[in-house]
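Hello,

Here is the structure for you to look at. My notes on its aromatic rings follow below.

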Amino acid sequence: MSTGTRPLLTRFVRYVPRVAVATAAALALSACGGGTDTAESKPSGAAGDSSAAFPVTVEHKYGSTTVEAEPKRVVTLGLSDQDAVLALGVKPVGAVDWFKEKPYGKWPWTKDKWGSTTPEIVGERDEYNIEKIAALKPDLVVAQYSGMKKEQYDTLSKFTKVVAQPKGLPDYGASWQVMTRQIGKSLGKEAESEKLISGIDARFKAVREKNPGFAEKTLAVADSFEAGKYSGFTKTDPKSIFFSELGFKLKPELDTLAKPGWNVAELSAEKLNVLDVDRLVWVTSSTEANDRIKAEPLYQKLKVHQEKRDLFVPYQDPDIGAAFSFNTVLSIPYAIDEVEPLIAAIK
């Protein structure tokens with residue numbers, strides 16, 4: 001199925017291309033020669049000297065990578081990796097695009113971090129432009145929330161250090177905590193990353209303590225891009241993880257209905273009853289989509305809809321759905337501020 005021009009990050013795992021990297025190793029290697037210009041990688045006045053942390057060895061899906069010195073030019077290839085890198089005080093010189101959403105300057109939780117700096121776009125989702133990456137002369141490439149293949153890893157490793165996705169977990173299946181720790185260690189900023197994680201954990205804990213009733217409720221997150229076709233997100237999807245950390249129980253049936261390796265269970269209108277939970281959160285791109293879902297006769301029969309326990313959240317404008325779809329150390333505080341009052345208001 002083609003992604004078309006969908007603006008949503010909500011289903012990208014299913015549609016990420018598994019195209020092998022182009023045979024560009026020779027060009028890439030020739031493009032990466034010479035010295036390293038560090039001016040674009042780190043904002044002036046960044047606190048702390050991480051040089052004492054090195055060398056560091058980071059284990060990942062394809063083995064381990066030893067980073068000998070503090071990275072100055074970082075390229076992020078995971079769809080949301082740039083957020084953790086930015087949170088740790090480094091501006092990536094390159095990043096990937098997805099569904100034509102540029103990974104800089106757009107979202108309220110990253111605008112101040114990027115400032116006037118814009119990274120080079122070096123690919124779309126899991127399809128990387130090796131020549132562009134090499135031309136940036138990176139000293140570190142990170143690919144945490146990604147589907148990087150071994151061939152791509154091997155090609156990139158010929159001219160730079162690469163920290164691939166976390167080991168022992170499915171692609172796109174690592175939590176934001178795991179990915180933040182991987183990135184923090186790679187940058188020699190383990191203490192800073194732990195501080196960020198502790199701060200977010202404290203925010204979630206505060207919400208749970210303020211809303212103890214959340215723990216008694218089952219919740220599902222869903223979307224629908226066309227009439228008669230619906231998706232419910234599994235427990236490994238960032239959106240579901242976000243709501244589980246708010247305290248809600250997830251619907252295990254969605255995990256059993258999903259195909260292996262997928263982050264969603266695809267549902268026909270006849271199977272919408274699996275979404276008849278205590279709280280149902282729709283992430284949508286338009287009021288037209290909302291109206292279409294509400295007009296579905298089989299949806300109208302669900303108690304969650306009849307009792308007004310469903311919540312329709314825009315992906316952007318305001319960027320609420322995008323924030324918990326990213327589910328990063330930068331986007332989570334924004335998501336909590338926006339979502340908590342909306343979901344708490346449902347009785």
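**Aromatic rings**

Phe204 is buried, at 1% relative accessible area (buried means under 20%, exposed over 50%, partly exposed in between, with a 1.4 Å probe and protein chains only). Phe242 is buried too, at 0%.

A note on the source: this is a predicted model, where local features need pLDDT of at least 70, side-chain atom pairs count only at pLDDT 80 or more, and totals for chains, interfaces and linings use all residues. Residues are numbered from 1 along each chain as its sequence is written, and side-chain values use heavy atoms, without hydrogens and water.

The whole structure holds 15 aromatic pairs. Rings of Phe, Tyr and Trp (its six-membered ring) pair if their centres lie within 6.5 Å; planes under 30 degrees apart are stacked, over 60 edge-to-face, the rest tilted.

Phe204 and Phe242 make an edge-to-face pair, 5.8 Å between centres and 65° between planes. Phe204 sits in helix α8 (residues 190-210) and Phe242 in helix α9 (residues 238-246), so the pair ties together parts 38 residues apart in sequence. Helices (H or I, at least four residues) and strands (E, at least two) are DSSP runs, numbered from the N terminus.

Trp282 and Phe312 are stacked: 6.1 Å centre to centre, 10° between the planes. Trp282 is in strand β13 (residues 279-284) and Phe312 in strand β14 (residues 310-314), 30 residues apart. Both are buried.

Ring pairs also join Trp107, Trp109, Tyr315, Phe326 and Tyr334 into a cluster.

Lys294 lies over the face of Phe312, 4.6 Å from the ring centre (NZ of Lys or CZ of Arg within 6 Å of the centre and within 35 degrees of the ring normal).

Best wishes
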